[in-house]
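Take a look at the sequence and the model below.

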Amino acid sequence: VQLVESGGGLVQSGGSLRLSCRTSGTIYYGSDMAWYRQAAGNERELVARMTYGDTKTYADFVKGRSTISRDHAKNTVDLEINNLKPGDTAVYYCNLQQWISGSEINYWGQGTQVTVAS
């Protein structure tokens, strides 16, 4: 399985971005997809997750200004963030989590840089 993110870039504070993640390979039924981010010097943290059943979870720091969406037919996941803040500057990673023979397997994209200028 391969994941490729796109949509990052430089944006002014208060602006918006839409990140997209395309997948290829075998995606099994029941997989969850998510977006994480990692700022310089920090650990990777969950931004938003969407289960196969379309349950959405958001981190407190994006709640109310972010929307995760998923296309099951295409196995893609998007993340829109509004009212971006300098603290949102980070590399954003797409994540696919699926279970094969009872084992949890995580796949990651290469990341896309988001820089928010004040």
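## Ground rules

This is a predicted model: local features need pLDDT of at least 70, side-chain atom pairs count only at pLDDT 80 or more, and totals for chains, interfaces and linings use all residues. Residues are numbered from 1 along each chain as its sequence is written, and side-chain values use heavy atoms, with hydrogens and water left out.

## The open sheet

Four strands form an open sheet in the order β1-β3-β8-β7, with antiparallel pairing. β1 and β7 (66–71) stand at the edges with a single partner strand each, so one side of each has no neighbour in the sheet. From one strand to the next, the twist averages 15 degrees. That angle is taken between N-to-C directions, on a scale from 0 to 180 degrees, using lines fitted to C-alpha atoms. Strands here are DSSP runs (E, at least two residues), numbered from the N terminus. Two strands pair if DSSP finds at least two bridges between them.

Strand β1 and strand β3 (residues 17–24) run antiparallel and are joined by five bridges. Val4 has Arg22 as its bridge partner in β3. In a regular strand, side chains alternate between the two faces of the sheet. On β1, Leu3 and Glu5 make up the covered face. Gln2, Val4 and Ser6 make up the uncovered one.

Glu5 sits in strand β1 (residues 2–6). Buried means under 20% relative accessible area, exposed over 50%, and partly exposed in between (1.4 Å probe, protein chains only).

The side chain of Glu5 meets backbone instead. A polar atom of that side chain lies 2.8 Å from the backbone nitrogen of Cys94. The side chain of Glu5 also reaches the backbone nitrogen of Gln110, at 3.1 Å. Contact means heavy atoms within 4.5 Å.

## Gln98, held at both ends of a backbone

Gln98 belongs to strand β9 (residues 90–100). Gln98 counts as buried because its relative accessibility is 1%. Its side chain reaches the backbone oxygen of Thr26 at 3.4 Å. A polar atom of the Gln98 side chain also lies 2.7 Å from the backbone nitrogen of Tyr28. Beyond four places in sequence, the contacts of Gln98 include Val1, Ile27 and Tyr107.

Strand β4 (residues 32–38) is mostly covered, with six of its seven residues buried. Seven bridges pair β4 with β9 in the antiparallel sense. Ala34 stands opposite Asn95 in β9. β4 also pairs with β5, antiparallel, over five bridges. The hairpin of β4 and β5 has six residues between the strands, and there Gly41 takes a positive phi near 80 degrees.

Leu46 lies in strand β5 (residues 45–50). Tyr36 stands opposite Leu46. Their C-alpha atoms are 4.3 Å apart, though Leu46 and Tyr36 are 10 residues apart in sequence. At 27% relative accessibility, Leu46 counts as partly exposed.

Conventions:
Polar contact = N/O pair within 3.5 Å; in protein donor to acceptor, adjacent residues only side chain to side chain.
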